[in-house]
Amino acid sequence: MEELVRVVAQHPVLRSPDVVAEQHEHGQFEKAGRELSPAERGMVALREGLFEDLVRLGPRKAWRGYTSRQPTAHSAFLEELSEKVEAVRAADERGEANWELADRCAELANAVVVLGAVTLAGRLWSVRGRILLDPRLSSAEDREEALAALTKAAELHERAGDSIAAAETRSNLALAYRYRTVDRIQSIERCIEIMEELVPFWHSVSDPDSEAKARTNLASALMDRPSDRQANAARALAECEVALLHRTRERNALDYTYTLTTKALAHSRLIEADDSHLDKAEQTYEEALASIPPDSDPALLGLIHRNLVSLLLDAARHQSGERHQLIARAQASARSAVAVHQEHGHVRELAYARQQLAEVLLVAAPEQEQIELEARELLIAVLEELTPFSDPTGCGSAASDLMKLSERLGDWPSASRAGLIALAAGQGSAAAMDPGRKRPLREEQESDPYFAEAEHQSLYRFTAYAMFRTAMASGLALNSTRVQSLLAQAVWVMESGRATALRFTSGAGIGELEQLRTFDPDLAEAYVDAVHERGEAARGATAEGQGQPDMDTLLATIRGLPTFEGFARRVPSVAEIQAALAPGQAVVYLLPHPEGCCAFIVAAPTTENPQLVIPVDFPDLSGRRMLTFMFGFGMRSDGSPDGLRRGRPRPGHGLLYTNSLPRFRLVLRKVLAEIGPCIAQPLARELKHAGVTDAVLVTCGMMPVFAWHAAPWRNGRLLTCLTQELASISYAPSAGAWMVGRSRAERLVGHEGRLVGLADPPGAWRPLPGAQAELRHIASLFPERSHTAFGTEATRAFLLKSLPKATHVYLGCHGEMSYRVSESAVLLLADGEKLNLTHLRQLVARDLRLVVVAACVSGTVNVLWQPEEVHALSLGFMQAGAAGVVAALWPIPDLATALFITRFYELLTCGPGEDPARALTQAQQWLRTLTRRAVRGYIAERPALQPLGIQPIPRRRRPYADPVNWAGFVLQGC
């Protein structure tokens, strides 16, 4: 009472008639949703009466009246609440899981806790949590609400001192963490932590049934851990074996079956290390099927069948002698799983079972049309239930399977649709590049390009290829609106798939943001805040742009900074790419596929050729054949062996694994001679028809390995190539990256050139006298504006310190790369130091127009490890801020390199404008046609090159006409 007197004295407005009127209005609002019960009306009257008495009688008399009426009102309300709670309990026991019941639990819990019924409130929150975990209505948002409800329930039970109820609730809380998709790894660890606390608790209170349940759930969570799979499976197996000491078929057959199923799964996981677990897992699953009571838990029965199918398929791969029997049993079990889930209306589980049955059918009878059609119908039914939003992982897996199957059936429209669905699903999961992967790969499979191609890991590329095939088979004119729309979408898919770094929601790379933090911390934080605010606005939590600069303004400010032209760039459309092209320019996407190759040409439109995208088919060359080029041996589509010379596989005779330069020269000639007529010739024909003089090649998959600009074909009696047919050929990781490079180049127009160069750092490798000579000559083209280092001074410290101030960089040194290790490319500098991608990603070079890396394999992309990502030293310089990078695809002789590089720089600096692409093409043409006499004359006229005069020149009229000498250097970027 005294507290109420004090509050009224501090706030006289509480005795105002306006407050009473507001309370009446609030009461009417409460009644607006539904008619109140008598007890609820009594509680409303109790509150309203207090405010009315404050006005009429003052705080002391008002409080005495309130306390005299309170017991009666509370008693009636509690009695009514008890009936409602009992109704909720009964509905929960009957399994009537629905959102209305869950919301009713929350409403009642909030009501009873006010009255001090803490235990009852805890039970209601617990019921709400269990309902929201029900798979029939559980979404990601529901699981988050379940987590909150169960956390609140556990706290209330602990407050009430009910340790048993608290432990039961915490068991459900652990399951909520296990099923949570947000912060997946942390959630699994929290689940394990709770279960590890519950096991000793149930043991201490001598409750073996609850202890066995906790051990079984702990075992399941342990196998969800992504790391130390074998160790966690072994521990899970041990937990199940202890749990089975307390569980028997006679005591509780259903609980016994649950533990058996978990134990069998642990055995399955351990097969990777010990094949003896294969039989143990199969026996345990069979025992589980024999133990489960009829109609006790159909969902569990279907799960056992599905797990058994996976096990039998793995067994069929290991035991070739029993393969047919194992697959037949897998098919029978898969059909049983479908029947169980279909009979009991398990929609999502039915989708999983259908996808598994489709997989079994394709394994049981590959390339039998009737079976493949049944499998396709099953997968189509799966995708009617699983969507990219409801289940991105399951949807992506089914869509990828359907895409591969549709390709085999020649149904390219279905393959296109399935690929787009898989890509959409990949945006909601970590499987964008490989949504079809269902089990961990062995180490040898991870780096096996044949496996990668067969498993469609390059989903973006294969989706674009399927769309290409759909357009070509449509029967419509290639310039029709429908076909052009499809081709434009295919180009957009390819651009989306060319990303090389993780992205924020708005598109800014992590590395870009770190660079921005170094350059302008306040601007970086403003951007992060804007991204967060946009995300909140998208979820409806806030309105976007409240008191902050809008995202467009921030991005415009950031992109105006040096080296940040490409910050948070979204994927460009075909129209935007065309707008960036000058007359005569084109971006060309080259796509390999196991069954063929194709190209998309995006050219600046002309009156004669207004098409947005020009498709080009290359039916005579496939991704399979390109793998043969790389390794010297391979496999044809019919399974027969393939070699560099068809039918004659010879290991070591391939582009990637040829140890000697003479042998590499022979392999390169053979490969270029084959790809020229297959791809370069038809491509040149289409480019000329479209009026293209300068082409930017975006090479995808395995394509970056090949020197497409040098692939020859016969034009009458003479050989020609793209370098001769076009004014320039350059390369780019994507059109978007090329556009960023072009923006950087345009910003630097008119800037005074500043050269930073190093040459011939000493080490355990052969000296490079040509590098020293060419750097001295190049430095003479930048009078008083060059900073150079030779020999022991050519260190990493020199380069990293000098590079941010340079517009042009020359590196004449050795390079090395291993195809067996990701990101293994390095440049070898003085004092045994190495420069790698990690060092380059830490650089911010604001005025870097061009980098020339005259080092072996400096431009080579490791296509074996990341076929859809571009990882090369040359691209590292572009990430550091370079507009363009010239680098080498293979080892090139020292003298040929010196001649080429010096001529390239002369062509680059001789005119008012700077066009590295054209200068490179002209230098290649010059070197390939250079005579022995012209070589001597060129060296003699340049004092810096005099030391090269003692080097032997090949005894041929045109000593450097072989592509190994002139075609190795390529330009990435602009």
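**Exercise 1. Is arginine 329 buried, partly exposed or exposed? Classify arginine 329 and its salt-bridge partner, and locate both in the fold.**

Solution. 

Step 1. The model is a predicted one. Arginine 329 has a relative accessibility of 36%. Partly exposed covers the range between the limit for buried, under 20%, and the limit for exposed, over 50%, so arginine 329 counts as partly exposed.

Step 2. The partner is glutamate 282, and the closest N and O atoms of the salt bridge are 2.1 Å apart. Glutamate 282 has a relative accessible area of 15% and is therefore buried.

Step 3. Arginine 329 belongs to helix H15 (residues 323-343) and glutamate 282 to helix H13 (residues 276-291), so this pair ties together parts that are 47 residues apart in sequence.

Step 4. With neighbours within four places in sequence set aside, the contacts of glutamate 282 are Leu308, Leu311, Leu312 and Arg329.

**Exercise 2. Take the salt bridges of glutamate 674 with lysine 670 and of lysine 688 with glutamate 725. Work out what parts each pair joins.**

Solution. 

Step 1. Side chains of opposite charge can pair when their charged atoms come close. Between glutamate 674 and lysine 670, the closest N and O atoms are 3.2 Å apart. For lysine 688 and glutamate 725 the N to O distance is 2.3 Å.

Step 2. Glutamate 674 and lysine 670 both sit in helix H29 (residues 661-689), with four residues, or about one turn of the helix, between their positions.

Step 3. Now the accessibilities. Glutamate 674 is buried at a relative accessible area of 13%, while lysine 670 is partly exposed at 30%. Lysine 688 is partly exposed at 48%, and glutamate 725 is partly exposed at 22%.

Step 4. For the whole model, the count of salt bridges comes to 33. A network of salt bridges links Arg903, Glu906, Glu941 and Arg942.

**Exercise 3. Describe the surroundings of cysteine 597.**

Solution. 

Step 1. Cysteine 597 is part of strand S2 (residues 596-603).

Step 2. The relative accessibility of cysteine 597 is 0%, so cysteine 597 counts as buried.

Step 3. Leaving out residues up to four places away in sequence, cysteine 597 touches a set of residues including Tyr465, Leu591, Asp617, Leu621, Ile679 and Met703.

Step 4. Take leucine 621 from that set. Cysteine 597 and leucine 621 are 24 residues apart in sequence, and their C-alpha atoms are 6.2 Å apart in space.

Step 5. Buried residues make up 55% of the 974 residues in the protein chain.

**Exercise 4. How many cavities of 30 Å³ or more does a search of the whole structure find? Characterise the largest cavity.**

Solution. 

Step 1. The search finds eight cavities at that size limit.

Step 2. The largest cavity has a volume of about 150 Å³. Its lining holds 18 residues, of which Leu768, Cys813, Ala854, Ile892 and Thr897 are the closest to its centre.

Step 3. At least two lining residues come from each of helix H32 (769-780), strand S12 (808-812) and helix H36 (894-909).

Step 4. Sorted by class, the lining comprises twelve nonpolar, three polar and three charged residues.

**Exercise 5. Examine the backbone at serine 206 and glutamate 784.**

Solution. 

Step 1. Most residues other than glycine have a negative phi. Serine 206, which is not a glycine, has a positive phi of about 55°. Glutamate 784 is not a glycine either, and has a positive phi of about 60°.

Step 2. Serine 206 is in the loop between helix H9 (184-204) and helix H10 (208-222). Glutamate 784 is in the loop between H32 and strand S11 (786-790).

Step 3. The relative accessible area of serine 206 is 62%, which makes serine 206 exposed. Glutamate 784 also counts as exposed, at 86% relative accessibility.

Technical notes. Residues are numbered from 1 along each chain as its sequence is written. This is a predicted model: local features need pLDDT of at least 70, side-chain atom pairs count only at pLDDT 80 or more; totals for chains, interfaces and linings use all residues. Side-chain values use heavy atoms; hydrogens and water are left out. On a 1 Å grid over the protein atoms alone, a cavity is a set of points where a 1.4 Å probe fits but cannot get out, and a pocket is an open set with protein on both sides within 12 Å along at least five of seven lines; lining residues have an atom within 4 Å of a point. Grid points are joined across faces, edges and corners, and a volume is the space filled by probe spheres set on the points. Ala, Val, Leu, Ile, Met, Phe, Trp, Tyr, Cys and Pro count as nonpolar, Asp, Glu, Lys and Arg as charged, and the others, Gly among them, as polar. Buried means under 20% relative accessible area, exposed over 50%, partly exposed in between (1.4 Å probe, protein chains only). A salt bridge is a side-chain nitrogen of Lys or Arg within 4 Å of a carboxyl oxygen of Asp or Glu. Contact means heavy atoms within 4.5 Å.
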